[in-house]
Amino acid sequence: MRVCVCTVVHHPEDARILHRQIRALLDAGHEITYIAPFRACNVTPWANVTPVDVPRATGRRRLRSLRAARIALSRHAVYADLMLLHDPELLLALPRRLRRGGQGYGDRSHPVVVWDVHEDTAAALVAKGWLPRPLRPLLRPYVRGLEARAERRYRLILAESGYRDRFAGDHPVVPNTTYVSASPPPAPDDRRVVYVGHLSAARGAADMIALARVLHAEGVAMELIGAADPPVRHLLRDAQRAGVLRWYGFVPNDRALRIAEGAMAGLALLHDEPNYRHSMPTKVIEYMAHGVPVITTPVPAAVDVVGAAGCGIVVPFEDPTATLQAIRRLRDEPDLRAEMGRRGYDAARERFHWPVYAHRFVSQLEAWAGRSDPLEEPSVTAPAGEPRPTGPVG
């Protein structure tokens with residue numbers, strides 16, 4: 001099967017796109033053309049994919065990227081059995097001839113078009129700093145209409161089951177789980193606290209900077225691993241220059257998680273935003289998989305998983321004082337943090353090991369492309385007998 005994967009918004013080494021989905025397709029023997037902003041992100045593509053570079057869409061600068069994506073999609077569609085789109089904007093950039101027959105099985109003149117729904121786009125508008133505030137509520141009906149048209153024309157996969165209510169039909173869920181080693185990770189004994197993921201105001205960047213200043217004086221290091229939105233970059237740079245934290249910037253997911261191993265706590269301090277209320281941060285599962293105790297705000301899905309596993313502490317939204325108390329507790333109780341790390345790893349290995357879901361994901365795309373019986377399409381959900389995992393967001 002020839003698959004054309006496209007994003008102009010996400011980093012080319014995005015964990016969901018590259019390290020989970022593309023890797024799963026390559027492992028299954030399929031050919032990948034990957035349209036992404038390699039040069040803008042200073043990324044060397046994997047040798048076993050065919051790379052196509054396009055400009056990155058950032059802030060209000062999106063038109064040039066969408067035009068380039070349209071040209072690239074038009075050129076490579078003729079060779080593809082299936083096109084996998086990762087940005088809602090790309091639904092507008094599809095060449096006209098690709099907008100027909102996007103749900104068909106094995107129609108070689110028109111590849112099957114699949115939209116991977118990463119987030120609740122309409123709800124996420126409130127957190128888009130580059131959108132003028134008065135415009136955000138006005139765009140919601142337009143976004144919902146775009147989603148409805150996409151559902152009628154194309155195939156959809158969802159990053160979490162909570163997105164199902166937005167659509168009329170039932171679409172397979174491909175959750176953001178992670179690779180969980182068969183060997184238990186090291187004990188969480190380092191005197192440091194980590195954060196892995198994109199940094200923004202809504203994800204608690206300012207809260208973590210405030211925490212870092214106090215922790216630094218107490219001999220506990222704060223390490224933040226991830227790219228940052230423009231409004232918080234100068235805050236992070238100032239804190240790093242002052243020596244109160246270490247900010248790595250973007251690091252590929254596999255390397256970022258190796259850095260996180262051994263930390264005494266992993267932070268997931270999302271604010272109470274609409275887009276997060278039905279979602280679980282991917283980082284929660286990643287911390288668990290690497291034996292790092294979790295400190296999370298009360299996002300419902302995170303509370304359910306962390307509470308059931310007994311692998312972390314829940315703190316109120318936007319409450320650095322309570323978060324500081326949780327960190328101190330883990331610092332001062334080595335047996336507690338070791339037990340939480342072990343429980344988290346065991347739960348992740350049992351419920352969230354990505355290869356289980358990778359097989360179902362690949363089988364689903366093969367069915368849509370006509371490479372297996374479309375009357376017996378697999379459902380990409382939890383294995384029988386397990387609770388259905390909630391698909392996280394990054």
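Contact here means heavy atoms within 4.5 Å, and the model shown in these views is predicted.

**View 1. Helix α1 lies across strands of the sheet.** Helix α1, residues 15-27, lies across β1 (2-6), β2, β4 (82-85), β5 (112-117) and β6. Relative to β2, helix α1 runs at about 160 degrees.

**View 2. Six strands form an open, parallel sheet.** The strand order is β3-β2-β1-β4-β5-β6. At the edges are β3 (50-53) and β6 (155-158), each of which pairs on one side only. From one strand to the next, the twist averages 20 degrees. Strands of a sheet pair through backbone hydrogen bonds, in either a parallel or an antiparallel manner.

**View 3. Strand β2 pairs with β3 in the parallel sense.** Strand β2 comprises residues 31-36, and four bridges join β2 to β3. Tyr34 stands opposite Pro51, a residue of β3.

**View 4. Gly291 occupies the loop between α9 and β12.** Beyond its neighbours within four places in sequence, Gly291 is in contact with Pro185, Pro188 and Gly341. The C-alpha atoms of Gly291 and Met340 are separated by 7.7 Å, although these residues are 49 residues apart along the chain.

**View 5. Cys41 and Cys311 are buried.** The relative accessible area of Cys41 is 14%, and the relative accessibility of Cys311 is 1%. With a disulfide taken as a pair of cysteine sulfur atoms within 2.5 Å, the count of disulfides in the model is zero.

Definitions and conventions
Residues numbered from 1 in each chain as written. Predicted model: local features only at pLDDT ≥ 70, side-chain atom pairs only at ≥ 80, totals over all residues. Heavy atoms only, no water. Buried < 20%, exposed > 50% of the residue type's maximum accessible area, 1.4 Å probe, protein only. Pairing = 2+ DSSP bridges. Helix = DSSP H or I, 4+ residues; strand = E, 2+ residues; numbered from the N terminus. Axes fitted to C-alpha atoms, helices over the stretch in contact; angles between N-to-C directions.
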